[in-house]
Amino acid sequence: MSKLDQVLLLDPPSDLRFKGPFTDVVTANLKLKNPSDRRVCFKVKTTAPRRYCVRPNSGVIDPGATVNISVMLQPFDYDPNEKSKHKFMVQTIFVPSNAADNDTVWKDAKPEDLMDSKLRCVFELPSENEVNDVEVTRAAPVMNSLKSEPTAAAAAGDDTDSKKLVEKCKRLQSEINKLSEENRQLKDEGVRMRKMQQRPDHMTSNSTNIVGRETSAAFLPSLLVVIAAIFIGFFFGKFIL
């Protein structure tokens, strides 16, 4: 009895091509299409099971449906002088109407009911242009991270400067508060001294000295207010920019 022809349509039909470099996992895709009006059970087998990972490696394809198979070649030391002897086989069978599950289908299958297609593995090295493109693609994330580092450093520097400005403003505000309190006390003392103008001359001399201190103290808070305003304006200007 002649063997049944493969019911599924395979893409690619005969070769699985893997393009290096082979220092990382290389994946080839295989499409299985069921053009029939019956459900088809399939298995994917290989002569080198330790070298490949196949997902999915078995299943059922409904009428008119397509399944995408990923064949992943594991990293290895490629020798261009060595020809690949690896092969794959897609084995299929129609699912009987009374089948309980896939395991039962394969267990009860008769040799004359099985269909299969074989594919050979082809290893290819990329051209020089393709190698350059791969290197540029891999280098792009590294370059982007390097570009972002100066920005992060600048942001950290801005934060440090801002904290210093805030501390200076706090110190200036504290000094202004102290001088304001001293100014208030001197004003009160000046009022008392003006009431004592009827006393001896040496008391008048002391009053004059105190009034002079009052004038100087009144000038200092104004100067510090101007300095604080300059620092605060510079501080907010940096945040806005």
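Mentor: Buried means under 20% relative accessible area, exposed means over 50%, and partly exposed lies in between (1.4 Å probe, protein chains only). This is a predicted model, in which local features need pLDDT of at least 70, side-chain atom pairs count only at pLDDT 80 or more, and totals for chains, interfaces and linings use all residues. Residues are numbered from 1 along each chain as its sequence is written, and side-chain values use heavy atoms, with hydrogens and water left out.

Trainee: Is C41 buried or exposed?

Mentor: The relative accessible area of C41 is 1%. C53, by contrast, has 24% and is partly exposed. With its value of 1%, C41 is buried.

Trainee: How many disulfides does a search of the whole structure find?

Mentor: A disulfide is a pair of cysteine sulfur atoms within 2.5 Å. Searching the whole structure for disulfides gives a count of zero.

Trainee: Which element of the protein has the lowest mean pLDDT?

Mentor: pLDDT is the predictor's confidence in each residue, from 0 to 100, and the protein averages 78, with 65% of the residues scoring at least 70. Elements are DSSP runs numbered from the N terminus: helices (H or I, at least four residues) and strands (E, at least two). Where pLDDT is low, the predicted coordinates should not be read in detail. The highest mean, 98, belongs to strand 7 (residues 66-73), and the lowest, 55, to helix 3.

Trainee: How many aromatic pairs are there?

Mentor: Rings of Phe, Tyr and Trp (its six-membered ring) pair if their centres lie within 6.5 Å; planes under 30 degrees apart count as stacked, over 60 as edge-to-face and the rest as tilted. Under this rule, the aromatic pairs number nine.

Trainee: What is the arrangement of the rings of F18 and F123?

Mentor: F18 belongs to strand 2 and F123 to strand 9, so their pair ties together parts 105 residues apart in sequence. Both residues are buried. Their ring centres are 6.1 Å apart and their planes stand at 70°, so the pair is edge-to-face.

Trainee: Over which ring does the charged end of R51 sit?

Mentor: A charge sits over a ring if NZ of Lys or CZ of Arg is within 6 Å of the ring centre and within 35 degrees of the ring normal. The charged end of R51 lies 4.6 Å from the centre of a ring, and that ring is F76.

Trainee: Which side chain does a polar contact of 3.0 Å join to that of D15?

Mentor: D15 is found in strand 2 and is buried, at 16% relative accessible area. A polar contact is a pair of N or O atoms within 3.5 Å; within protein, one must be able to donate a hydrogen and the other to accept it, and residues adjacent in sequence count only if both atoms are side-chain atoms. The partner of D15 in this contact is R120.
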